[in-house]
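I opened the model to look up a few local features and noted each one as I went. The entries follow in the order in which I made them.

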Amino acid sequence: MKAHFRLLELSTTKRVELLDITKMVEEVVGDSNIMNGLCLVFAPHATAAIIVNEDEEGLRSDVVKWIEEVFPHNGGWKHNMIDDNASAHLASAFSSSSRIFPVKDGRVFRGTWQSIFFLEMDGPRRRRIMVEVLGE
Ligand code: ZN
């Protein structure tokens with residue numbers, strides 16, 4: 001089995017924001033020369049997430065709206081007394097810091113409307129994403 005790893009670096013510009021990283025992930029898989037296996041996309045952050053869905057402007061703003069409504073920034077959270085970002089921790093805990101995709105015939109196997117996003121919830125800041133491709 002082969003393994004191919006890359007660290008991607010991003011800069012976010014808003015407190016809550018979605019960045020489409022599909023092309024970056026597909027490039028790592030393409031460069032891996034792995035034809036069949038799995039691709040792990042992992043954000044080593046407690047206030048961000050990796051999500052999969054349609055890259056459509058209205059839906060991107062709906063995701064931001066949903067996060068801000070379900071986890072309001074000034075929600076009386078105890079963790080805000082430490083570094084004022086409890087809403088981002090909560091939203092991250094109830095989404096996911098990673099996603100796994102099948103790799104088939106050298107490509108990320110995903111649905112037409114399944115783009116891969118980095119979900120920033122405590123920006124703006126610099127972020128890293130780990131992409132690990134395993135297979136043959
Ligand atoms: Zn915190």
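I began with the backbone at Asn 33, which comes just after α1 and takes a positive phi of about 60°. Helices (H or I, at least four residues) and strands (E, at least two) are DSSP runs, numbered from the N terminus. This is a predicted model, in which local features need pLDDT of at least 70 and side-chain atom pairs count only at pLDDT 80 or more, while totals for chains, interfaces and linings use all residues. Residues are numbered from 1 along each chain as its sequence is written, and side-chain values use heavy atoms, with hydrogens and water left out.

Helix α1. I listed its buried residues (under 20% relative accessible area; exposed is over 50%, partly exposed in between; 1.4 Å probe, protein chains only). They are Thr 22, Val 25, Val 28, Val 29 and Ser 32. These residues lie on the same side of α1, because they cover an arc of only 130° around the axis, taken from the directions from the helix axis to the C-beta atoms. An α-helix has 3.6 residues a turn, so residues three or four places apart point the same way.

Val 108. I found this residue in strand β6 (residues 107-108), and at 10% relative accessibility Val 108 counts as buried. Not counting residues up to four places away in sequence, Val 108 touches Val 25, Glu 26, Val 29, Phe 101 and Pro 102; contact means heavy atoms within 4.5 Å. I also checked Gly 75, 33 residues apart from Val 108 along the chain, and the C-alpha atoms of the two are separated by 39 Å.

Cores. I took a nonpolar core as a set of buried Ala, Val, Leu, Ile, Met, Phe, Trp, Tyr and Cys residues joined through side-chain atoms within 4.5 Å. The largest has 22 residues, and Ile 21, Phe 118 and Ile 129 have the most contacts inside it. Among the elements giving two or more residues to this core are β1 (2-11), α1 (22-32) and β8 (126-135). A second, separate core of 12 residues includes Val 16, Ala 91, Leu 119 and Met 121. Leaving aside neighbours within four places in sequence, Ile 21 has contacts that include Leu 10, Val 41, Ile 50, Phe 118 and Ile 129.

Thr 12. This residue lies in the loop between β1 and β2 (17-20) and, at 6% relative accessibility, counts as buried. Its side chain makes a polar contact of 2.8 Å with that of Glu 120. For that term I used a pair of N or O atoms within 3.5 Å; within protein, one must be able to donate a hydrogen and the other to accept it, and residues adjacent in sequence count only if both atoms are side-chain atoms.

His 79 is partly exposed at 27%, whereas Asn 85 is buried at 5% relative accessibility.

Rings. I searched the whole structure and noted two aromatic pairs. Rings of Phe, Tyr and Trp (its six-membered ring) pair if their centres lie within 6.5 Å; planes under 30 degrees apart count as stacked, over 60 as edge-to-face and the rest as tilted. Trp 66 and Phe 71 are edge-to-face, at 6.4 Å centre to centre and 90° between the planes. Phe 71 and Phe 94 are stacked, because their planes are at 15°, with centres 6.5 Å apart. Phe 71 is buried at 12% relative accessibility, whereas Phe 94 is exposed at 65%.
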